[in-house]
Amino acid sequence: MELLGVEIRKRYGGLLAIFVVLCAVGGAVCESNYLIGLGSYDITGPAADVNMMGYANTEQTASGVHFRLRARSFVAAEPQGKRVVFVNLDACMASQLVKLKVIERLKARYGDLYTEKNVAISGIHTHAGPGGYLQYVVYIVTSLGFVRQSFDALVDGIEQSIIQAHQNLAPGSVFVNKGEILDAGVNRSPSAYLNNPAAERSKYKYDVDKEMTLLKFVDNQWGPVGSFNWFATHGTSMSRTNSLISGDNKGAAARFMEDWFEENGGRGAYSDDIDADEIPRRVSNIVYDRHANHHELLELAASFQSPPGTPATRSLSVARRVRGVLRQANKPRFVSAFCQSNCGDVSPNVLGAFCTDTGLPCDFNHSTCGGKNELCYGRGPGYPDEFESTRIIGERQFKKAVDLFNKASEQLTGKIEYRHTYIDFSQLEVTLPKKGGDSQVVKTCPAAMGFGFAAGTTDGPGAFDFRQGDDKGNPFWRLVRNVLKTPGKEQVDCQSPKPILLDTGEMKQPYDWAPAILPIQIFRIGQLIILSVPGEFTTMAGRRLRDAVKAELTSGGHGGNIHVVLAGLTNTYSQYITTFEEYEVQRYEGASTLYGPHTLSAYIQEFKKLAKALISDQPIAPGPQPPDLLDKQISLLTPVVMDATPAGVSFGDCSTDVPHNSTFKRGHDMVTVTFWSACPRNDLMTEGTFSLVEILHGKDSWVPVYDDDDFCLRFKWSRPSKFSTRSQATIEWRIPQSATPGVYRIRHFGASKNLVGSIRHFTGSSSAFVVA
């Protein structure tokens, strides 16, 4: 019997004893209930100077916060059996090194309760989070190597979210529901998709998957405590020029749903005709409408002028967080995660791709404009405002999730199981069926990236003269490639028709450039099957894998009522997986399919083995252990030396305040305040906030209402030059229509570093102003 946890015994000892007896007496009662627990923790990381992960744009470095990032976890367990943990990260992808270190910590805390076999860590694929946390060279070149702060923020946050979920474990039920979202993703490589067999394409109505699968977690004592869903669309609503940390559309959807639930307790549906500014908030629960007239409010606001910046404690930023104030004592926080699936060729820029010079659609086959890829960009539904596109695509996912959540009625019942193994994808033999019942054996290849990779996508074009669909390459870039590594004939033949630009699998200096050993994993929770894959499957590649696993499970007598979801970018990252036919076209996704044309067939073969072991209750060999390269990491990111302000100015002083006697309109105006600040890398403000909006309660009591977690509030950090010791923080509040009329002020929290390395926290406030 696995460890149930001291926390469970303390809170639910009597109830659990009764539950276990019922399981022993009547199997039907036992099969419809699990132990469930959910957790969430801040993983925002460094909000300055660090290159963002996703677009590989060296100029895209963090300089503030759109909204904070989180790790969200659920644990599902049989009372006397096995358990699984699924962690969803507001990050570009999972990292092999991060998972290795998380498992080490969990082992030290819980023994063998949580291992690499029953823990899955997945990324939502936002392209607006700090990079530098993966261990292979090719993924950390643009971040100037390894970034310890990014890495530690993830490891710490994942561990803490799992600890919360473990401590919240209690008897409960899990429900599943499915539904379509028709307007949150389009295929960005349709010419590659069309190379799939016509007979296969005819089985599907759309060239991307439109289905969302949602789990609803219901605690026996507290009722609904969370939801996790899987839906395929890229985290690229925010562009390659954005510099604010953001969870993009999926991170936004998660914040919207968590606020929606806390605001109304999950009662009722989310209205389709709700005003665009009416993002769910809980402020109305703690702030009453002021009935004073406008003149009285102005007089009250005038009595609160901007004070000088003052020293503060680290805990003050945490204590003033809005959602910290609003949590109900002893009740688990509602956790909602919007997880990634087979998003490889799915773009959230649903208006299509257009040329920036002419406004005309891009070339269909190569996504170029006059032969140049740099001018072809996809447009989101809020074009040209990327923040609005992020909100719209996030809200579309959120609305569907609420609908599925409210209507979820199919309960998961049955065993919890898992299988996990490591595979060396650089030299795997794959048996392919042939017509007439024969078969042939092919092999995967050491990792390599094609010329089409450097062309980028319509979500983020590349540079120079690369283009998607290039199956030839060009002499100049071959010469450049050969300086790093000239691929041998065997590798060239293996990867064909991909022209190799970077032979990453055979590049070993100063350490491995790309992974060879990858994890694959299956979870079973009753009739739900989760396939954890370490990359970005295209739409059709994901369909083939799901169908193959489902056929294996049903042929083994598992039954037809199975829900199979694919969790992309999970446990580590190995770029893309296309079908054999899409690989032949060599658009971006095919050029980024590392292990050659038979990569997908390799995944299908190995996942069928996992599925067979699952249903036959047989063990699976662990496979070769991936390397731990932490000690080999190199970092070239300049550390913070010191912070300074002009003479006579304190950290936290307002450099640009709100105008005197200001009145701003709800749903219309933006308030902007600038403070003398310091580098955000001095303190990440984990579970705290850099920015805060407060409303006046009574005559002298300030109540927090908006912070770093709010879509309407943006924290922007800047310095006059790269090595300047002076910096400023600009806070922008776009006043939502739902804001309560009253007297407000804006605050900033930060931490400065002096020449000897001491960190000192500070805070500053704007003058008060009126919102009407």
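This is a short tour of a predicted model, from the whole chain down to single residues.

**Whole chain**

Start with everything shown as a cartoon. The protein chain holds 17 helices and 37 strands. Its C-alpha trace spans about 90 × 75 × 50 Å along the principal axes. A compact globule of 772 residues would have a radius of gyration near 28 Å, and the chain has 26 Å, so the two agree. Buried residues make up 62% of the 772. Of the contacts with a separation of 6 or more, 78% join residues 24 or more positions apart.

**The largest nonpolar core**

Select Tyr-133, Phe-607 and Trp-733. Among the 130 residues of the largest nonpolar core, these three touch the most other members. Helix H17 (residues 599–615) gives this core its largest share, eight residues. A second, separate core has 27 residues, including Val-176, Leu-215, Phe-228 and Leu-412.

Zoom in on Tyr-133. What is Tyr-133 in contact with, leaving aside neighbours within four places in sequence? The partners include Met-53, Met-93, Val-98, Ile-140, Phe-146, Phe-151 and Leu-154. Ser-95 and Ser-150 are also among them.

**Helix H17**

Next, select residues 599–615, helix H17. Its 17 residues should span 24 Å at 1.5 Å a residue; the end C-alpha atoms lie 25 Å apart, which agrees. Is H17 mostly covered or mostly open? It is mostly covered: 12 of the 17 residues are buried. Colour the buried ones, among them Tyr-603, Ile-604, Phe-607, Leu-610, Ala-611 and Leu-614. In an α-helix, residues three or four places apart point the same way, because there are 3.6 residues a turn. Then step past the helix to Asp-617, which has a positive phi, near 60°.

**A seven-stranded sheet**

Move to the open sheet with strand order E7-E2-E3-E33-E34-E30-E28. Its pairing is antiparallel. Strand E7 (129–130) and E28 are the edges, each pairing on one side only. Now select residues 670–677 and 727–734, strands E30 and E34. Eight bridges join this antiparallel pair. Look for Thr-672, which stands opposite Glu-732 in E34.

**Last stop: Ser-662**

Follow the chain from strand E28 (654–656) towards strand E29 (663–664); Ser-662 is in the loop between them. Why does Ser-662 count as buried? Its relative accessible area is 7%, and buried means under 20%. Show its contacts beyond four places in sequence: Leu-298, Phe-769 and Val-770.

Methods. Residues numbered from 1 in each chain as written. Predicted model: local features only at pLDDT ≥ 70, side-chain atom pairs only at ≥ 80, totals over all residues. Heavy atoms only, no water. Core = buried A, V, L, I, M, F, W, Y, C linked by side-chain atoms within 4.5 Å. Buried < 20%, exposed > 50% of the residue type's maximum accessible area, 1.4 Å probe, protein only. Helix = DSSP H or I, 4+ residues; strand = E, 2+ residues; numbered from the N terminus. Contact = heavy atoms within 4.5 Å. Pairing = 2+ DSSP bridges. Expected span 1.5 Å × (residues − 1). Rg over C-alpha atoms; globule rule 2.2 N^0.38 Å.
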